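This briefing concerns aromatic contacts, the nonpolar core and the nonpolar surface of the structure shown below.

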Amino acid sequence: MRPVHIALAVLVTALWGVNFVVIEVGLDHFPPLLFCALRFLVAALPAVFLVGPPRVAWRWILGVGLALGVAKFGLLFIGMHEGMPAGLSSLVLQVQAVFTALFAAVVLAERPGRRRLLGMAVALAGIAVAAVDEGTSGPLLGFVLVVAAAAFWGVSNVLTRKAAPPDALNFMVWVSLVPVAPLLLLSLMFEGARPDLAALSRLDWAGVGAIVYVAWVTTVFGFGIWGFLLRTYDASAVAPFSLLVPVFGMSSAALVLGEGISGPRWLAAALLVGGVALTSLPAGRLSRMIPSRMIPSPGLRPRRRAAAADAPGPGPAAPGTLAPADTTASRTPSTASRPSPRG
């Protein structure tokens, strides 16, 4: 990749990592489901009038919109509203790679090899460590909701694989239109019209900024740049940058929100990111990340190893993005005055 494109990939993952901190800000101003609905409303309008008509069948747009927009982001926002830390949320969501591989094996008959099975086991071990740590130091319900959000992200990735959209930005904009009405209805049912109206009546620059960031910066700009990179390079070259998202997410949460990172959380991060890399990255890409002396290569000359490393292959999807071919593209509305499960 050209240096300027590497810089763009890092910039996008940084914006996606910081997004979890911005979600915290938004949840201080809006009930989670309302905030989620506003995020997709602003992302879809007026962009839906600028990107042209949808280029895939409506059933895929509706399916991904419900799985990704309503279920995944709804559960994520609610989980964070219930006390799940922003940094840990950015990390735990990466288990979507495992769920995607599992669902792809069932729905698409993609049989995972031994390396991918090992990666799933390592990533799940990281989730177990994080669950124990969060269960003893924070609300376990929020953790479970974020894991469920990752599972629905896996569902949306498989649906996206089936849809095979030719234009990721066009697809994402139309997908963003689907969750608005269901989320608003759910917000009225479970959060109430009075808290929603109260939140809107108290709208200030911080609330507007949070909506604009999660809608335009992370969705429209982020997905637009990511889609450009995927059209320019193989997915195996671009997708590994998504592993930087929890790095930026945890570090920005520590710097801005003062979230501590315990020893068990560091261990969970190492296991989860390592497991996701094993699960999602093609073998050639992994071999380029590991010193050559550590890779047994009987009978292969250096030129052939380099060629294998450059072979295209699938990689992990970035948070909230449309997943590349073999991979697995915020929090849910809460009440106007947030409870304080974290004390």
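Ring pairs join Phe 30, Phe 35, Phe 40, Phe 73 and Phe 77 into a cluster. Rings of Phe, Tyr and Trp (its six-membered ring) are paired if their centres lie within 6.5 Å; planes under 30 degrees apart are stacked, those over 60 are edge-to-face and the rest are tilted. The model is predicted: local features need pLDDT of at least 70 and side-chain atom pairs count only at pLDDT 80 or more, while totals for chains, interfaces and linings use all residues. Residues are numbered from 1 along each chain as its sequence is written, and side-chain values use heavy atoms, leaving out hydrogens and water.

**Aromatic pairs**
- The count of aromatic pairs by this rule is 8.
- Phe 40 and Phe 73 form an edge-to-face pair, because their ring centres are 5.6 Å apart and their planes stand at 70 degrees.
- Phe 40 belongs to helix H2 (residues 32–44) and Phe 73 to helix H3 (residues 58–81), so this pair ties together parts 33 residues apart in sequence. Helices here are DSSP runs of H or I with at least four residues, numbered from the N terminus.
- The rings of Phe 73 and Phe 77 are also edge-to-face, because their centres lie 6.4 Å apart with planes at 85 degrees.
- Within helix H3, Phe 73 and Phe 77 are 4 residues apart, about one turn of the helix.

**Burial**
- Phe 40 and Phe 73 are both buried. Buried means under 20% relative accessible area, exposed means over 50%, and partly exposed lies in between (1.4 Å probe, protein chains only).
- Phe 73 counts as buried because its relative accessibility is 3%, and Phe 77 does so because its value is 0%.

**Charges over rings**
- The charged end of Arg 39 sits over the ring of Phe 73, 4.2 Å from the ring centre. This requires NZ of Lys or CZ of Arg within 6 Å of the ring centre and within 35 degrees of the ring normal.
- Lys 72 lies over the face of Trp 153, at 4.3 Å from the ring centre.

**Nonpolar core**
- The largest nonpolar core comprises 84 residues, and those with the most contacts inside it include Phe 35, Leu 76 and Phe 77. Such a core is a set of buried Ala, Val, Leu, Ile, Met, Phe, Trp, Tyr and Cys residues joined through side-chain atoms within 4.5 Å.
- H3 gives the most to this core, with 10 residues.

**Helix H8**
- Leu 177 lies in helix H8 (residues 168–177).
- Leu 177 counts as partly exposed because its relative accessibility is 33%.

Key. Helices (H or I, at least four residues) and strands (E, at least two) are DSSP runs, numbered from the N terminus.
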